[in-house]
Amino acid sequence: MTELEKVKEEKVTLKIKGKEREIRYGFSAWAVIEEELGGLDNLDKLQEQVEKHPFKTIPHLIYIGLVDKEGVEESTVLDEYGLGDIEMITKVFEKALYGSLPEETKKAVKEAKK
């Protein structure tokens, strides 16, 4: 099995702009993330950004993973939600993002979080 075949996209949905929308981190979404991080070996930077700037980073990453972006702007992607929803949104986002990683990478990311 190749590394690419080991990547299993975790599919989740979140209500955005009045519509259930799928969030999935496939090849093109990871290409954007890779470019922004300066390589996928810098995934620890991603977790750091999420922790330091959640209200900027999480909407950005959710927008990257949106399958249907019609009528959605990155700056307002989570405007339907409030501060009380951050835990739920974070869980949805993490399930989609980290669920798309190969098992070995997931383990490394979990270890880096500790």
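Which residues does Glu20 touch, not counting residues up to four places away in sequence? Keep that question in mind while you set up the view, and the tour will come back to Glu20 at its second stop.

**Before you start**

The model is predicted, so local features need pLDDT of at least 70 and side-chain atom pairs count only at pLDDT 80 or more, while totals for chains, interfaces and linings use all residues. Residues are numbered from 1 along each chain as its sequence is written, and side-chain values use heavy atoms, with hydrogens and water left out.

**First stop: the whole chain**

Show the chain as a cartoon and you will find six helices and two strands, which follow the pattern α-β-β-α-α-α-α-α when read along the sequence. Here helices (H or I, at least four residues) and strands (E, at least two) are DSSP runs, numbered from the N terminus. Of the 114 residues, 36% count as buried, where buried means under 20% relative accessible area, exposed means over 50%, and partly exposed lies in between, with a 1.4 Å probe and protein chains only. Contact means heavy atoms within 4.5 Å, and among the contacts with a separation of 6 or more, 60% are between residues 24 or more positions apart.

Select Glu20, which lies in strand 2 and counts as exposed at 52% relative accessibility.

Next select Thr13, which is in strand 1 and counts as partly exposed at 47% relative accessibility. With residues up to four places away in sequence set aside, Thr13 touches Glu20, Arg21, Glu22 and Val92. The side chains of Thr13 and Glu20 are joined by a polar contact of 3.1 Å; a polar contact is a pair of N or O atoms within 3.5 Å, and within protein one must be able to donate a hydrogen and the other to accept it, while residues adjacent in sequence count only if both atoms are side-chain atoms.

Then move to Lys17, in the loop between strand 1 and strand 2 (19-23), where the residue has a positive phi of about 55 degrees although it is not a glycine. Lys17 is partly exposed, with a relative accessible area of 40%.

**Third stop: the nonpolar core**

A nonpolar core is a set of buried Ala, Val, Leu, Ile, Met, Phe, Trp, Tyr and Cys residues joined through side-chain atoms within 4.5 Å. Select Ile23, Tyr25, Ile33, Leu61, Ile62, Phe93 and Leu97, which touch the most other members among the 27 residues of the largest such core. Strand 1 (12-16), helix 2 (27-37), helix 3, helix 4 (54-65) and helix 5 (86-99) each supply at least two residues of this core, and the largest share, six residues, comes from helix 5. Centre the view on Ile33, which is in contact with Tyr25, Leu46, Leu61, Ile64 and Leu97 when neighbours within four places in sequence are left aside.

Which residues are buried in helix 3 (residues 43-52)? They are Leu43, Leu46, Gln47 and Val50. Seen down the axis of helix 3, these buried residues fall within an arc of 95 degrees, so they line one face of the helix; the arc is that of the directions from the helix axis to the C-beta atoms.

Asn42 is found in the loop between helix 2 and helix 3, and at 17% relative accessibility Asn42 counts as buried. Its side chain reaches the backbone oxygen of Leu37 at 3.0 Å.

Display Lys69 and Tyr63 together, and you will see that the charged end of Lys69 sits over the ring of Tyr63, 5.3 Å from its centre. A charge sits over a ring if NZ of Lys or CZ of Arg is within 6 Å of the ring centre and within 35 degrees of the ring normal.

Finally, select Ser100, in the loop between helix 5 and helix 6 (103-113), which is buried, with a relative accessible area of 1%. Ser100 and Lys11 are 89 residues apart in sequence and 8.6 Å apart in space, C-alpha to C-alpha.
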